[in-house]
Amino acid sequence: MPISEIKDMVVAGGGVLIVLMTFVQITPIKVNPWSWVAKMFGRLLKAFGRAINSDVLTELEDVKRHQRETQEKLDKHIRVDDERDADNHRQRILRFNSELIDGKNFTHEYFTDVLVEIDDYERYCETHPEYRNNRAVLAIANIKRVYKSHEANSDFLK
C-alpha cells in the first residue's frame with residue numbers, strides 16, 4: 001500500500017483510530033484499548049440498565065426489606081415457641097416431682113416418660129444459656145434420686 005493511500009486513510013478520520021490502536025498493540029507496553037472500550041461500553045450499558053430498571057430495582061429492595069422483616073418475625077416466633085416448649089417440659093417435671101413428694105408411686109414407663117422430658121428440658125437449657133432454668137434443678141435431682149432408688153429396689157408401681 002503506497003504512503004499516499006495510508007495518508008488518505010488517516011486523514012479521512014476513521015482510520016486514525018485503527019492506526020492508533022494498531023500501533024498501541026505493537027508497542028511493548030501491554031495496553032489493550034479494546035478492553036478499555038469494552039469496559040466503558042459495559043459501564044454505559046450498566047447505567048442504561050439501571051435507568052430502565054429503576055422501578056424494578058426499587059421494588060426488589062422493598063421485597064428484600066419485607067423479607068428481612070418477615071425473617072425477624074419468624075425468628076421471634078420460633079424463639080417464643082421454643083421457650084414455651086421448655087416451660088411446658090419444666091411444668092411437667094415440677095408437677096411430677098410434686099406428686100413424688102406427696103408420696104405417689106409411678107410405673108417404670110411413667111418415670112421413663114418424665115426422664116425424656118428432663119432430657120429435652122436440659123438439652124434446651126444447654127443450648128440456650130440465656131434461658132432461666134434454676135427453677136427445676138432440685139426437682140430434677142429429686143426425680144433422678146427416686147428413680148435410682150426404685151431401680152435398686154425394683155419397686156416401681158406395676
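1. In which helix is Asn142 found? Asn142 lies in helix α6, where helices (H or I, at least four residues) are DSSP runs numbered from the N terminus. The model is a predicted one, in which local features need pLDDT of at least 70 and side-chain atom pairs count only at pLDDT 80 or more, while totals for chains, interfaces and linings use all residues. Residues are numbered from 1 along each chain as its sequence is written, and side-chain values use heavy atoms, with hydrogens and water left out.

2. Asn142 has a relative accessible area of 17% and is therefore buried, a term that means under 20% relative accessible area with a 1.4 Å probe, protein chains only. Its side chain is joined to that of Arg145 by a polar contact of 2.7 Å (a pair of N or O atoms within 3.5 Å, of which, within protein, one must be able to donate a hydrogen and the other to accept it; residues adjacent in sequence count only if both atoms are side-chain atoms). When residues up to four places away in sequence are not counted, Asn142 touches Asn97 and Ile101, contact being heavy atoms within 4.5 Å.

3. Helix α5 covers residues 108-127, and because its 20 residues at 1.5 Å a residue should span 28 Å, the 29 Å between its end C-alpha atoms agrees with expectation; the expected span is 1.5 Å times one less than the number of residues. Buried residues of α5 include Phe111, Val114, Leu115 and Ile118, and what covers the buried residues of this helix includes α4 (54-101) and α6 (137-153).

4. The axes of α4 and α5 come within 9 Å and cross at roughly 140°, which makes α4 oblique to α5. Axes are lines fitted to C-alpha atoms, for helices over the stretch in contact, with angles from 0 to 180 degrees between N-to-C directions; angles under 35 degrees count as roughly parallel, over 145 as roughly antiparallel, 65 to 115 as roughly perpendicular and the rest as oblique. Among the residues making this contact are His89, Arg92 and Ile93 of α4 and Glu117 of α5.

5. Glu117, found in helix α5, counts as buried at 18% relative accessibility. A polar contact of 2.4 Å joins its side chain to that of His89, and Glu117 is in contact with His89, Arg92 and Ile93 when its neighbours within four places in sequence are left aside.

6. The axes of α5 and α6 come within 11 Å and cross at roughly 145°. The contact is made by residues including Phe111, Val114 and Leu115 of α5 and Ile140, Ile143 and Tyr147 of α6.

Note on methods: Helix = DSSP H or I, 4+ residues; strand = E, 2+ residues; numbered from the N terminus. Buried < 20%, exposed > 50% of the residue type's maximum accessible area, 1.4 Å probe, protein only.
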